[in-house]
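Work through the exercises below with the sequence and the model open side by side. Each task is followed by a stepwise solution.

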Amino acid sequence: MLINLALGTLVISATIVVHTFGLIAVTRFMGFATARFPMHRHRSRVVAMVATVLGLFAVMTTEVWLWALCHYALRVVPDFETALYFSLVAFSTLGYGDAVPAAEWRIFAGLEGANGFLLIGW
């Protein structure tokens, strides 16, 4: 159990770093874009929002892939495709239950849901 918690804490810490720098990059890009292009037009605001949301999705996709690589490396699930699917379902807290982690990694896998819940809300 301690290994689950320790490794989970490391991955959570890594995703927080990714999230922090990702949000900084998205914010800086939007600052650059709004300074460069006038946002008084409706179309410009729509483009700005789409760019922001796509930037946030890119950040969260990176975090999901990080968890998936860890699940695969630790053999939490049998193959990488399942690891990626499981990670996406766990991170988003959807939790279908059709992909189940190995019994010895349940706590580690469960930490991804808490991590995703907090980062998506952030």
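Predicted model: local features only at pLDDT ≥ 70, side-chain atom pairs only at ≥ 80, totals over all residues.

**Exercise 1.** Which residues of helix 4 are buried, and what arc do they cover around the axis?

Solution. 
- Buried means under 20% relative accessible area. In helix 4 this holds for Phe108, Ala109, Glu112, Gly113, Asn115, Gly116 and Leu119.
- These residues cover an arc of only 170° around the axis, so they lie on the same side of helix 4.
- On the face turned away from that buried side, helix 4 carries the exposed residues Arg106, Phe117, Leu118 and Gly121.

**Exercise 2.** Describe helix 3 from its start to the residue that follows it.

Solution. 
- At the start of helix 3, a side-chain oxygen of aspartate 79 comes to within 3.3 Å of the backbone nitrogen of glutamate 81.
- Helix 3 (residues 80-91) has 12 residues, and its first and last C-alpha atoms are 16 Å apart, close to the 16 Å expected at 1.5 Å a residue.
- Its buried residues are Ala83, Phe86, Ser87, Val89, Ala90 and Phe91.
- Threonine 93 follows helix 3 and has a positive phi, near 60°.

**Exercise 3.** Is histidine 71 buried or exposed, and which residues does it touch beyond four places in sequence?

Solution. 
- Histidine 71 is part of helix 2, residues 42-73.
- Its relative accessibility is 0%, so histidine 71 counts as buried.
- Beyond four places in sequence, histidine 71 touches Val76, Val77, Ala83, Phe86, Ser87, Phe108, Ala109 and Glu112.
- Of these, Ala83, Phe86 and Ser87 are among the buried residues of helix 3, while Phe108, Ala109 and Glu112 are among those of helix 4.

**Exercise 4.** Which residues have the most contacts inside the largest nonpolar core, and which helices each supply at least two of its residues?

Solution. 
- The core has 16 residues, and those with the most contacts inside it are Trp67, Val76, Val77, Phe86, Phe91 and Phe108.
- Helix 2, helix 3 and helix 4 each supply at least two residues of this core.
- Take phenylalanine 86: leaving aside neighbours within four places in sequence, it is in contact with His71, Val77, Ala99, Pro101 and Ala109.

Key: Residues numbered from 1 in each chain as written. Heavy atoms only, no water. Buried < 20%, exposed > 50% of the residue type's maximum accessible area, 1.4 Å probe, protein only. Helix = DSSP H or I, 4+ residues; strand = E, 2+ residues; numbered from the N terminus. Arc of directions from axis to C-beta. Contact = heavy atoms within 4.5 Å. Expected span 1.5 Å × (residues − 1). Polar contact = N/O pair within 3.5 Å; in protein donor to acceptor, adjacent residues only side chain to side chain. Core = buried A, V, L, I, M, F, W, Y, C linked by side-chain atoms within 4.5 Å.
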